Structure formats: structure tokens, C-alpha cells
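Take a look at the model below.

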Amino acid sequence: MQKSFVAELLGTFWLVFGGCGSAVLAAAYPELGIGFVGVAFAFGLTVLTMAYAVGGISGGHFNPAVSLGLTVAGRFPAARLIPYIVAQLAGAIAAAALLYLIASGKAGFELGGFAANGYGDHSPGGYSLLSALLIEVLLTMFFLTIILGSTSSRVPAGFAPLAIGLGLTLIHLVSIPVTNTSVNPARSTGQALFVGGWALQQLWLFWIAPLAGGALGGLVWRFLDDAD
């Protein structure tokens, strides 16, 4: 069990460092920046790579909403939910701290949004609270459906990380302009702690919406396939 917690910490660390790091360090780099598409693929690749690396140890959740959704679907024991979330938060905060140290080493460094999630004035596209709530719930629900479906006994084994990683890429391609894409309360928390102010004030949404979406995804899968 201890190894599972360490695996979740490392996996969440890689997700936040790789995904948010691509946004902070590489997205807008003059003339060579990777942009929204690059950031979307970076998030997808972090999950894909760590699902293959440590998914066999911990299940490869790397996200409190995923752990909750799997619990609701009956795929994960409720007794391990809180310890998993603690490990995921530790990984996300550690990644954000290291990313901050690296980013602040550049001359003229300004923290800016630091890849934090937001709505209203802090949405990349100026989207409202309602828009942010709806898209975060909907996309997290579908993310759980992808995870539960691709790891079902009815599909070929070994390909789930590809579907999950590409699913997360698609989610980011859709929603970066709306909220900077959370679908992961741990990812949102790590960045918000360093931005402070508005990011912490709006953090509640990026816990409530993904957790609600994760639980809905678990319920949807129980309806679709009670064989698991």
C-alpha cells in the first residue's frame, strides 16, 4: 500500500510538472512556443507515460476526481480514497514548488497566471462561472467514462493508457480557453497555492466540479456495464 501512495505522488507530480510546466515555460516562448495544442498534448503525455510506468502499482489515478469516480463505480476501495487524495495533493504541490523555483530563475520573471485555473476575468477566454462549472463537470464525467471503459475486462488489455492519455489531450484542446482546464483538483490546488489571491478564491470550483463530474462518470459506468 505504501508503494501505491508513492506511485500516486510521483504520477501526480509528473502530470503537474509536465503539463503546467509546458504552459509556464514553453507555451508562449517567442517564435517557438508550443501554444494550446502543445500544452494539451503535454498533459495527455504525462498521464500516458506514468500510467504505463506506475499504473500497475497504484492504478494510475493521479487525480482525486478519478479516485472518487472509481470508488463510486465500485472499482476502488473507499478506505483508500483519502490516503490517495493526500498523496496526489503532495505530488501536485511539490511539482508546483519545483516549477516555481525553475521559472523564477529567468531574468525578469513575473509569476502571472502560473497555469492556474480560473473563470470570469481569470478565464483565458473570459468565460463565466456557469460556463466553467458546466465544462468541468461534463469533461470530468467523460474522462471517467473513458478510464472505466478502456480498463474494462471487455476490451484488449494494455491499451488503456493510450485512450486515457488521448482523452485528456482532447479535454484540454476543448477547455483550455474556458478554465485553463482542471478536471483535477490536485493539479488546480498546487498552482493556486503559489498564485494566491484570486486563484485561491476560485479554487472551490475546481474541487466541486471535477469531483461531481467524477462521481457522475462512476454512476454512468455502473449503469452501462454492471459486469465490472
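**A residue and its helix**

Ser58 sits in helix H2, which covers residues 35–58. Helices here are DSSP runs (H or I, at least four residues), numbered from the N terminus. The model is predicted, so local features need pLDDT of at least 70 and side-chain atom pairs pLDDT 80 or more, while totals for chains, interfaces and linings use all residues. Residues are numbered from 1 along each chain as its sequence is written, and side-chain values use heavy atoms, without hydrogens and water.

Is Ser58 buried or exposed? Ser58 counts as buried because its relative accessibility is 6%; the cut-off for buried is under 20%, with a 1.4 Å probe and protein chains only. Its side chain makes a polar contact of 2.6 Å with the side chain of Glu8. A polar contact is a pair of N or O atoms within 3.5 Å, one able to donate a hydrogen and the other to accept it. The Ser58 side chain also reaches the backbone nitrogen of Gly60, at 3.2 Å. Beyond four places in sequence, Ser58 is in contact (heavy atoms within 4.5 Å) with Ser4, Ala7, Glu8 and Tyr84.

Now follow the helix itself. H2 packs against helix H6 (residues 160–179) at about 155 degrees, with the axes 8 Å apart. The axes are lines fitted to C-alpha atoms over the stretch in contact, and angles run from 0 to 180 degrees between N-to-C directions. H2 is therefore roughly antiparallel to H6, a label for angles over 145 degrees. Residues making the contact include Phe36 and Tyr52 of H2 and Pro161 and Pro177 of H6.

Conventions
Helices (H or I, at least four residues) and strands (E, at least two) are DSSP runs, numbered from the N terminus. Buried means under 20% relative accessible area, exposed over 50%, partly exposed in between (1.4 Å probe, protein chains only). Angles under 35 degrees count as roughly parallel, over 145 as roughly antiparallel, 65 to 115 as roughly perpendicular and the rest as oblique.
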